[in-house]
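Please read the report below with the sequence and the model at hand.

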Amino acid sequence: MSQHIAKPRTTAVILAGGTGQRVGLSIPKQLLKIAGKAVIEHTLTTFEKAESIDDVIVLMAPGYVPDIEKIVAKAGFKKVSKIIEGGATRNETTERAIEALGEGLAEGEDRNVLFHDAVRPLLSQRVIDDCVVALERYQAVDVAIPSADTIIVTRTHGEDGEFITEIPDRSRLRRGQTPQAFKLSTIKRAYEVAAGDPNFQATDDCSVVLKYLPDVPIHVVAGDEYNMKVTQPVDVFIADKLFQLASTAAPEQVSEEAYRELLTGKTVVVFGGSYGIGKDIAELAESYGSKVYALGRSTTGTHVENPEEVDDALSKAYAETGRIDYVVNTAGVLRIGKLAETDNATIEEALKVNYLAPVQIARSSYKYLAETNGQLLLYTSSSYTRGRAEYSLYSSTKAAMVNLTQALSDEWAGDGIRVNCINPERTATPMRTKAFGQEPAGSLLSSEAVARTSLDVLLSELTGHVIDVRQQDPTAAAGQASGFEAALASVLDRQDGVA
């Protein structure tokens, strides 16, 4: 009878010892906020969600451990088991991690360890999983991508500057990334041997294994172009934009029974509920047992641009049901025309309905959603990624919804309120038909499909996300699409998109 061998425990070690000097900061760069959260919080979130990771250890720059403790406590990361000070060098930091990893291990027991730079916040789950799988066969694993640039080797000749001495074959060159993954026993042994070298110095851990354990093969896992390291000032800008663009895949739909169980007895307030997506959300939620207030100009006479009417609608829903769990705003106006030829009344209407109304709805909803740990759901358009000619007002106000979502999700996280934003592909709604006329059958999403995804998001634990709803997503079909890849596909495929 074969004996079952348990898989070794897998620990992610987040190396966060950088000081931020190269990006011109007075604080460590891993504490810099990108897309509303500290860089290291994005990184920790990735490992918190990784099914192949059992626990996480953070090695933080000296003096900043309390900052990480606050981030971990606020975000509720359950996998972070230790937060300790890093050393003066990368090597010393790794040695401290190895010592911490060895604590409590039984004799002969080993574990997998993934060392990852805290300032690589765009790491994909695919890379993490590939590293862990590779450790089933290899003792050391690196992550790398092909070099798109020609690499030159130079030598300086006095005051004449640099001159090329060699141009290596680019087909064999790779750009190293992290994580770097090892059997704990292997990386520990490499550092023990290195300790006998008085000139020991290394900038990464695979180089330590390569030099001091030359008989140990180092397997290479394919990395990702967007697994960038925030090192230079321009990296801060690029990473922020990538997070802004990176939409999240819609949560998987639950069963009919689960919808009913989760929605029965809940109160849902839908602004813009007279027709289109809002009407479909209201009908779906009601069919699963929710008490729904579908509010709209043409049905209930509710004008979202009027703060008093928004307050009254929410007060009534709360007075009648004693709770408000979800607030949805699909209301919007789309006026086509050149800005220079647009009158003041049209501009004012667009700003009031598309921007000020969601702001007021958010303000008025806050106290109710804080009570139920509920969710505010807003809507953007694919035009937020690139403003379109002749509907600049619509594009710019929809871009504002993305920023509002990300800001409020961070601002309200401590109150247990989730805030998300739906980004539908071109959708068959009365608003779109009024603006563009009849379009070819099958070229648009149905409002029912968007409503169903909206319901899935309301029932999820997501917050601060932009959720793409698309007819078909070939990259997602491949099973490995990242949010960044999906975002790029969105930008390229939907240059004229309006929900």
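Predicted model: local features only at pLDDT ≥ 70, side-chain atom pairs only at ≥ 80, totals over all residues.

Residues are numbered from 1 along each chain as its sequence is written, and side-chain values use heavy atoms, with hydrogens and water left out.

**The chain as a whole**

The secondary structure of the chain comes to 16 helices and 19 strands, where helices (H or I, at least four residues) and strands (E, at least two) are DSSP runs numbered from the N terminus. Of the 499 residues in the chain, 49% are buried; buried means under 20% relative accessible area, exposed over 50%, and partly exposed in between, with a 1.4 Å probe and protein chains only. The accessible surface of the chain is about 24100 Å², and carbon and sulfur atoms hold 50% of that surface, the areas coming from the Shrake-Rupley method with a 1.4 Å probe, and for residues only the protein chains shown count as cover. Among contacts in the chain with a separation of 6 or more, 74% are between residues 24 or more positions apart, a contact being heavy atoms within 4.5 Å.

The table gives the crossing angles and axis distances; axes are lines fitted to C-alpha atoms, for helices over the stretch in contact, and angles run from 0 to 180 degrees between N-to-C directions.

| Helix pair | Crossing angle | Axis distance |
|---|---|---|
| H1 (residues 39–49) and H2 (residues 65–75) | about 50° | 11 Å |
| H9 (residues 276–287) and H14 (residues 447–458) | roughly 55° | within 8 Å |
| H10 and H11 (residues 344–372) | roughly 20° | within 9 Å |

The crossing of H1 and H2 is right-handed, a term used if the near helix is turned clockwise from the far one by less than a right angle, with left-handed if anticlockwise. Ile40, Glu41 and Leu44 of H1 make this contact with Ile68, Ile71, Val72 and Ala75 of H2. By class, the residues of the contact of H1 with H2 are 6 nonpolar, no polar and 1 charged, where Ala, Val, Leu, Ile, Met, Phe, Trp, Tyr, Cys and Pro count as nonpolar, Asp, Glu, Lys and Arg as charged, and the others, Gly among them, as polar.

The axes of H9 and H14 cross at roughly 55°, which makes H9 oblique to H14, and H9 passes H14 in a right-handed crossing. On the H9 side the contact involves Gly276, Ile277, Asp280, Ile281, Leu284 and Ala285, which meet Ser447, Glu448, Val450, Ala451, Arg452, Ser454 and Leu455 in H14. The residues of the contact of H9 with H14 comprise 7 nonpolar, 3 polar and 3 charged.

H10 and H11 are roughly parallel to each other, and H10 passes H11 in a right-handed crossing. Pro307, Val310, Asp311, Leu314, Ser315 and Tyr318 in H10 meet Gln360, Ile361, Ser364, Ser365, Tyr368 and Glu371 in H11, and the contact of H10 with H11 has 6 nonpolar, 4 polar and 2 charged residues. Lysine 316 is also found in H10 (residues 307–321) and, at 48% relative accessibility, is partly exposed.

Glutamine 180 lies in strand S10 (residues 174–183) and is buried, at 3% relative accessibility. Not counting residues up to four places away in sequence, glutamine 180 touches Val113, Leu114, Phe115, Val141, Asp142, Asp204, Asp205 and Cys206. Proline 179 also lies in strand S10, and a cis peptide bond with omega of about 15° joins threonine 178 and proline 179. Most residues other than glycine have a negative phi, and most peptide bonds are trans.

Asparagine 373, in the loop between H11 and strand S15 (375–379), has a positive phi near 50° and is partly exposed, with a relative accessible area of 44%. Glutamate 390, in the loop between S15 and helix H12 (392–411), has a positive phi near 75° and is partly exposed at 38% relative accessibility.

Methods
Parallel < 35°, antiparallel > 145°, perpendicular 65-115°, else oblique.
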